[in-house]
Amino acid sequence: MGVVTYDFEVSSPISPTRLFKALVLEADKLFPKAAPHAIKSVELEGNGGTGSIVKINFADGLPFQYVKHTVEGQDKDNLSYSYSLIEGGPLGEKLEKISYENKFVAGADGGSVCKSLMKFYTIGDCTFTEDEIKEQIQRMDGVYNAVEAYLVANPDVCN
């Protein structure tokens, strides 16, 4: 097994606290509302904190039916969240799991920056290319952008 790491940042006009609340604390309720084109439902086993299992069921017609991840850490005070994708989605042929470490910080323009570290755990001698990584990020961007647009359009949500 090999590990491929990838760092990236995403800027947003939404404050770090509000974005953290939307993408982490209230994702099970917000994702299906904000991104019905992509997310059918979110199922939560546990209280949402460390050790919880989250299953995201995708809308019909998308390449994957679902993904399941385990929450590895959540710090509301420091606005950080880590989890590992353990089932579904892109896992199987090349990937055993994908781990994510996210931290939401204040942006220069009053919004926020989500700093992310992704670790792709490959199976055997398989490789995972930068193009494949960028494809995974593009898939996540669709939901991220929909949540961001929903928050802009609904300023009272996740305050």
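Visitor: How do the residues of the lining of the second largest pocket divide into nonpolar, polar and charged?

Guide: The model is a predicted one, and in it the lining of the second largest pocket divides into 3 nonpolar, 1 polar and 5 charged residues. The residues in question are F64, P90, E93, K94, F128, E132, E135, Q136 and R139. This pocket has a volume of about 160 Å³.

Visitor: Let us turn to the helices. At what angle do the axes of α1 and α2 cross?

Guide: Two packed helices are described by the angle between their axes and the distance between the axes. For helix α1, residues 16-25, and helix α2, residues 27-34, the axes come within 6 Å and cross at roughly 90°. Because angles of 65 to 115 degrees count as roughly perpendicular, α1 is roughly perpendicular to α2. On the α1 side the contact is made by K21, A22, L23, V24 and L25, and on the α2 side by A27, D28, L30 and F31. This contact of α1 with α2 has 7 nonpolar, no polar and 2 charged residues.

Visitor: How far apart are the axes of α2 and α3?

Guide: Helix α3 spans residues 130-153, and its axis lies 9 Å from that of α2, at an angle of about 90°. The two helices are therefore roughly perpendicular to each other. From α2, the residues L30, F31, K33 and A34 take part, and from α3, V143, A146, V147, Y150 and L151. The residues of this contact of α2 with α3 divide into 8 nonpolar, no polar and 1 charged.

Visitor: How many residues of α1 are buried?

Guide: In α1, 7 of the 10 residues are buried, so the helix is largely enclosed by the rest of the structure. The buried residues are P16, R18, L19, F20, A22, L23 and V24.

Visitor: Is S112 buried or exposed, and where is S112 placed?

Guide: A residue counts as buried when its relative accessible area is under 20%. S112 has a relative accessibility of 1% and so counts as buried. S112 belongs to strand β7, residues 112-122. Leaving aside neighbours within four places in sequence, S112 is in contact with V10, S11, S12, I14, S15, P16, L19, V105, A106 and G107. S112 and F20 are 92 residues apart along the chain, and their C-alpha atoms are separated by 9.9 Å.

Visitor: Which residues touch C158, and where is C158 found?

Guide: C158 is found in the segment after α3. C158 has a relative accessible area of 6% and is therefore buried. Not counting residues up to four places away in sequence, C158 touches R18, K21, A22, E26, L30 and L151. The C-alpha atoms of C158 and F20, which are 138 residues apart along the chain, are separated by 9.0 Å.

Visitor: Is N159 buried or exposed?

Guide: N159 is also found in the segment after α3. With a relative accessibility of 60%, N159 counts as exposed. Not counting residues up to four places away in sequence, N159 touches R18 and K21. N159 and D75 are 84 residues apart in sequence and 18 Å apart in space, C-alpha to C-alpha.

Visitor: Finally, the backbone. What is the phi of L79, and what is the phi of C158?

Guide: Most residues other than glycine have a negative phi. L79 has a positive phi of about 55° although it is not a glycine. L79 lies in the loop between β4 (66-75) and β5 (80-88), and at 12% relative accessibility L79 counts as buried. For C158, phi is near 65°, a positive value in a residue other than glycine.

Note on methods:
Residues numbered from 1 in each chain as written. Predicted model: local features only at pLDDT ≥ 70, side-chain atom pairs only at ≥ 80, totals over all residues. Heavy atoms only, no water. Axes fitted to C-alpha atoms, helices over the stretch in contact; angles between N-to-C directions. Helix = DSSP H or I, 4+ residues; strand = E, 2+ residues; numbered from the N terminus. Parallel < 35°, antiparallel > 145°, perpendicular 65-115°, else oblique. Contact = heavy atoms within 4.5 Å. Nonpolar A, V, L, I, M, F, W, Y, C, P; charged D, E, K, R; others polar. Buried < 20%, exposed > 50% of the residue type's maximum accessible area, 1.4 Å probe, protein only. 1 Å grid on protein atoms, 1.4 Å probe; cavity = no way out; pocket = protein on both sides within 12 Å on 5 of 7 lines; lining within 4 Å. Points joined across faces, edges and corners; volume = space filled by probe spheres on them.
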